[in-house]
Amino acid sequence: QVQLVESGGGLVQPGGSLSLSCGASRSIFRLNTMAWYRQAPGKQRELVATITRGGSTNYADSVKVRFTISRDNTKNTVYLQMNSLKPEDTAVYYCYAEYASGSYWGQGTQVTVSS
């Protein structure tokens, strides 16, 4: 019913930056919370950041200060600005949204941090 499409991943050197975006096929205006998760090879998927409809944000300790989540309800898009990237940030990043009809995941975008 709802499609979430991530984009912006790629290869970047340590200390570099990347901007991820997640476009939704349905309006996100009424959604209370949207989030970014990530999953590294051999590890469980972990919560990276969340943002509420009112703009309140929460971050995993490992990315706090370095990452910034934001949303543009008029564009049905959530963003994740990633700065000062570390090799430990290498993972597939997933967008998540919960609608009244159910919860949805994007297919993910690969972020690789390596010199």
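**The disulfide and its surroundings**

Analyst: The S-S torsion of Cys-22 and Cys-95 is about -85°, so the disulfide (a pair of cysteine sulfur atoms within 2.5 Å) is left-handed. This is a predicted model: local features need pLDDT of at least 70, side-chain atom pairs count only at pLDDT 80 or more, and totals for chains, interfaces and linings use all residues. Residues are numbered from 1 along each chain as its sequence is written, and side-chain values use heavy atoms, with hydrogens and water left out.

User: How far apart are the sulfur atoms of Cys-22 and Cys-95?

Analyst: A disulfide is a covalent bond between the sulfur atoms of two cysteines. A search of the whole structure finds 1 disulfide. Cys-22 and Cys-95 form a disulfide with a sulfur separation of 2.1 Å.

User: Which strands hold Cys-22 and Cys-95, and how many residues apart are they?

Analyst: Strands (E, at least two residues) and helices (H or I, at least four) are DSSP runs, numbered from the N terminus. Cys-22 sits in strand E3 (residues 18-24) and Cys-95 in strand E9 (residues 91-99). The pair links distant parts of the chain, at a spacing of 73 residues.

User: Are Cys-22 and Cys-95 buried or exposed?

Analyst: Buried means under 20% relative accessible area, exposed over 50%, and partly exposed in between (1.4 Å probe, protein chains only). Cys-22 has 0% relative accessibility. Cys-95 also has a relative accessible area of 0%.

**The chain as a whole**

User: How many helices and strands are in the chain?

Analyst: Along the sequence the pattern reads β-β-β-β-β-β-β-β-β-β-β. The chain has 0 helices and 11 strands.

User: What is the radius of gyration of the chain, and what would a compact globule have?

Analyst: The radius is taken over C-alpha atoms, and the globule rule is 2.2 Å times the number of residues to the power 0.38. The C-alpha atoms fill a box of roughly 40 × 25 × 25 Å along the principal axes. For 115 residues a compact globule would have a radius near 13 Å, and the chain agrees, at 13 Å.

User: What share of the contacts in the chain with a separation of 6 or more comes from residues 24 or more positions apart?

Analyst: Contact means heavy atoms within 4.5 Å. Of the 115 residues, 43% count as buried. Among contacts with a separation of 6 or more, the share from residues 24 or more positions apart is 53%.

**Individual residues**

User: Is Val-65 buried or exposed?

Analyst: Val-65 lies in the loop between strand E6 (57-59) and strand E7 (67-72). Its phi is near 80°, a positive value in a residue other than glycine. At 79% relative accessibility, Val-65 counts as exposed.

User: Where does Ser-84 lie?

Analyst: Phi of Ser-84 is near 50°, also positive in a residue other than glycine. Ser-84 is partly exposed, with a relative accessible area of 42%. Its place is the loop between strand E8 (77-82) and E9.

User: What is the C-alpha to C-alpha distance between Arg-71 and Phe-29?

Analyst: Arg-71 and Phe-29 are 42 residues apart in sequence. In space, C-alpha to C-alpha, they are separated by 9.7 Å.
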